Amino acid sequence: MAAQTKQQSVPLRKTKGYLLRKNIMRHWQLYFVIALPLVYLVMFKYMPLLGSQIAFRKYSFNGGIWGSPWVGMDNFKRFFSSPDFTKLLWNTIALSLYNIVVTAIPPIVMAVALNYARWNWFGKTVQMVTYMPYFISTVLIVGILQQMLSLTGPLNNFIASVGGAKIHFMGEPGLFRTLYVFSGVWQSTGYSAVIYLAALAAVDQELHEAAVMDGASIWRRIWHIDLPSIIPTAIIQLIMACGRILTMGYEKTLLMQNDMNLSTSDIISTYVYRVGLNGMQYSYSTAIGLFQSVVSLLMLMLVNWIASRVGETSLF
Amino acid sequence: MKRKGYAAILAALMLAAAGCNSGTASSSTASQSGSTSQNSTGDNSSSSSSVAAESDSPFNEPGTLPIVKDGTITLSIFCPGNGEYSWADNDQTPLVEQMTGIKLDWNIAASSDNVRDKISTMFASGDMTDIILTGVGNANRYDKASEAMFGAQGLILPLEQYLDTVSVGYKAAFEKMGGMREYITTPDGHIYSLPNVDGSLHVQYNMKLWLNNQWLENLNLQVPTTTQEFYEVMKAFKEQDANGNGDPNDEIPLSTVSSGAGTQIDGFLMAPFQLTPETNKLYVDNGTVKYAPVQDGYREGLRYLNTLYSEGLLNPESFTWNKDAQVNLNEAGDVAVIGAFLAQRPGYACDLSTEPFSKKWEQYQSLAPLAGPSGQRIAAWNPYVQYQTGMTFISSSCSNPEAAFRLIDWLATNEGSMLSAIGVEGEDWRKAEANELDMDGKPAAYTTLTSGLKNHTWAQLMGLVRDPYFVTSVTTNQNPYADDVPPLTGRGIVMYRASQEHEKVKQDLSTILPDMYMSEEDTAQMSLVKSTLQPSQNEWLAQFVTGSKSVDNDWDAYLAAMESQGLSEYLELLQKAYDVSPFKQ
């Protein structure tokens, strides 16, 4: 602002604070609506982050979060030097990557295919039927899996009846990842496809009509019109999935785990469950959780950066 | 440009928070513990309220009812849920209040709650009930290390002063059961929890093998007494039509499940080669703590188990399936398909939990411990399992610790425990007549009149002391399979008699390593090692038995793996605790 030497009315400085207050006054309804979720976010998501500090302390009930003694990087060192660390890290990454890559594709294929369904009722019915397994609880899914794949179950009986040797599916370490991933595909494809279907439905019909008039076959249309419209959504999903690479949920793994497949089924989350919760090692397990979160954040930023370089879509 | 920047950072933070919200036990536990917590620092040393002189004490003489002289005292109590019923509506609750003069203010965890989470929250916030119960189930009861930790941190009160002065029920229990007081006392002389006592014999010998005697008869075979004979019997089960349905191929000679009471594969069948106690697989040899799975005898046993597996006698699913799956398979057809199974009780292969109850359970008899090639015949024994510690605490914020103690102590007397276990004399039970016999075939002490009533008694909630005589002196039909005997009752007698066979060759008391109290440091270290060592050993066990690792070639690699998991350190910690414990011989 121009410096004025006169003592009279100083022109109103349009500071940021002033502008913000004016903004709030004018659109107070919007701010009001967002106020409550913001409070929720701060209270339940940000403030508990302060509790993560016990990763650097030795937590005891007496001291609580703020009073327990500091031990620096001890907990992290203990985790990194434990004999299982390499195995756990590899198992977690391998399972996650396998999961991300394989579960990314079927929803796209299904969404595109359903988009071209000739009869509307067919498309809707298939969509609903494939959507349903998502709501079945993990415990039930694994129970069904164990029954179906048991040595005396239907699949093995079928294999035996055509003259093959029975396979002990749940006991083979080599099969664990495949079973995990493909049962997940069955469960979540319908649900994930919905997002893509929404994106496809938003495609302008005129584009399709123009393409048909130009003599494009269905495959060309898919390639040039449908896929480009859902690629941005797919990339965003992929980036977010990469961000969860180390924090894979433990419920399904824990249920599918047994003494025979531990070499591939033991992941960081199940280790934390065993050691942290059952062994009441709160500091130790928080340290591992913090490690997971930091790596996830780095992964997220890395993949996002790659996506922004290679294409136009990125998360931020 | 700047607005975009702000928006981008905000979005990034939000997404990072969402993406990073791992939802693993650690973050949820940390958030549950709450923010700044000023814990009530319960005074750890003996409380100031020593037992007052009788004239001005608010209580009557120990051993007389009511406990409270005038009026009532109210105590708050935290306990697990009771299925769909409430403890407050339990038939026994008003009786106890009336008889003792102590009223209870119930804080009941919903059945689906994690009782331990709730207790952790109580401790962390400092807002505790007067009495804290975890329930008798193994999943929620605290192990000694945790119990000692709570005591050391001043969260729960030491109770030995009351046990020495005003106790009646527990005093009698200590006299009847040798070793009990030592078992529940920490190295520095404190007692932090009041245990339930379950004098049943069968829980002391969990690892049994149930063999289908019907099949033995069908094939004209003798009951096996050695490992070699057992192998022959298994082979016969496999090759011939043992269950008599015309199909020689549908029998599964031997099976077990991946986890359950007494189900470990290296238990009953490993004992002829190397004694391997349940779960922890530890024992004491001349004062030295040893780990069974790394001994030479264990290696021999692995060869035997591998033989059983490779000849198709051991069900491959044993390592992956659970009790429900095994029961379903065996109960599926008209005839049983499982020849022998490892478990604490027949319910692991027969459906004794839903009506109509299984008929097949009568075919299975417990096998007496086998003799190995060296002639070794021994059964793992755990007498300390009778004392269920870590389930009943008096918190340091208790308004009237002596009242709380006297209540639980009264429940531990014979009359209190009869009330909790069975019910009221005259209605639920009566004194036995002269001609009625108990489980041992001797004259019985009491006869039950009712059974299966819901929400009728406190059962095993707290302070239930059933010494061995209490358990066996009930009137029993000497024939467990009689028509008028419900299977669950008959099962109890079958298991009692089966346990007596094991008792004949039980391991020496000095070779048992009980659950011990340790310092907080040591406990933390030990539980960390235990939670990684045992799963690893289980994995190797599965691999040795199934043959994917060779007992001859991979044994050294196995020993090295156990070392790298911290076996030596683990044994050192245990040895240290054992040496200062009252169990040291």
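Start with chain B and its two domains: the centres of domain 1 and domain 2 of chain B, taken over C-alpha atoms, are 37 Å apart. The model is predicted: local features need pLDDT of at least 70, side-chain atom pairs count only at pLDDT 80 or more, and totals for chains, interfaces and linings use all residues. Residues are numbered from 1 along each chain as its sequence is written, while chains are lettered from A and ligands numbered from 1 in the order in which they are written.

**Stop 1: the two domains of chain B**

Select 55–196 plus 387–417 of chain B for domain 1. Select 206–380 plus 511–580 for domain 2. These bounds come from an automatic or database domain assignment. Nine residues of domain 1 of chain B are in contact with nine residues of domain 2 of chain B. Contact here puts the C-beta atoms, placed from the backbone, within 7 Å. Now pick helix α5 of chain B, residues 144–152: it gives five residues, the largest share of the domain 1 side that touches domain 2. That side divides into six nonpolar, one polar and two charged residues. Nonpolar covers Ala, Val, Leu, Ile, Met, Phe, Trp, Tyr, Cys and Pro; charged covers Asp, Glu, Lys and Arg; the others, Gly among them, are polar.

Zoom out to the whole chain. Chain B has 19 helices and 15 strands. Both are DSSP runs, numbered from the N terminus: helices are H or I with at least four residues, strands E with at least two. Of the 585 residues of chain B, 45% count as buried. Buried is 20 or more other C-beta atoms within 10 Å of the residue's own, exposed is 12 or fewer, and partly exposed lies in between, with C-beta atoms placed from the backbone. Among contacts in chain B between residues at least 6 apart in sequence, 78% join residues at least 24 apart.

**Stop 2: strand β5 of chain B**

Select residues 208–212 of chain B. Is β5(B) covered on one face or on both faces? Both faces are covered: B:Lys208, B:Trp210 and B:Asn212 are buried on one side, B:Leu209 and B:Leu211 on the other. In a regular strand the side chains alternate between the two faces of the sheet.

β5(B) and β9(B) pair antiparallel over four bridges. Strands pair if DSSP finds at least two bridges between them. B:Leu209 stands opposite B:Leu342 in β9(B).

**Stop 3: a three-strand sheet**

Next, show β11, β4 and β15 of chain B. They form an open sheet in the order β11-β4-β15, with mixed pairing. β11 (387–388) and β15 of chain B stand at the edges with a single partner strand each, so one side of each has no neighbour in the sheet. Strand β4 of chain B, residues 196–198, runs antiparallel to β11(B), joined by two bridges. B:Asn196 has B:Gln388 in β11(B) as its bridge partner.

**Stop 4: helix α14 of chain B**

Select residues 414–421 of chain B. B:Gly416, B:Ser417, B:Leu419, B:Ser420 and B:Ala421 are buried. The buried residues of α14(B) pack against α3 (92–100), α7 (169–176), α13 (401–411) and β15 (465–466) of chain B. Just after α14(B), B:Gly423 takes a positive phi of about 145°.

**Stop 5**

Most residues other than glycine have a negative phi, and most peptide bonds are trans. Go to B:Pro66, in the loop between α2 (25–32) and β1 (73–79) of chain B. A cis peptide bond joins B:Leu65 to B:Pro66, with omega about -5°. Next, B:Asn220 has a positive phi near 60°. B:Asn220 counts as exposed, with 7 C-beta neighbours inside 10 Å. B:Thr279 also has a positive phi near 60°. B:Thr279 lies in the loop between β6 (252–255) and β7 (282–285) of chain B.

**Stop 6: over to chain A**

Select α4 (residues 74–81) and α15 (residues 282–310) of chain A. They pack at about 75°, axes 9 Å apart. Axes are lines fitted to C-alpha atoms, for helices over the stretch in contact, and angles run from 0 to 180 degrees between N-to-C directions. α4(A) and α15(A) are therefore roughly perpendicular, a class that spans 65 to 115 degrees. A:Asn75, A:Phe76, A:Arg78 and A:Phe79 in α4(A) meet A:Ser283, A:Tyr284, A:Ala287, A:Ile288 and A:Phe291 in α15(A). By class, this contact has six nonpolar, two polar and one charged residues.

Technical notes:
Contact = placed C-beta atoms within 7 Å. Parallel < 35°, antiparallel > 145°, perpendicular 65-115°, else oblique.
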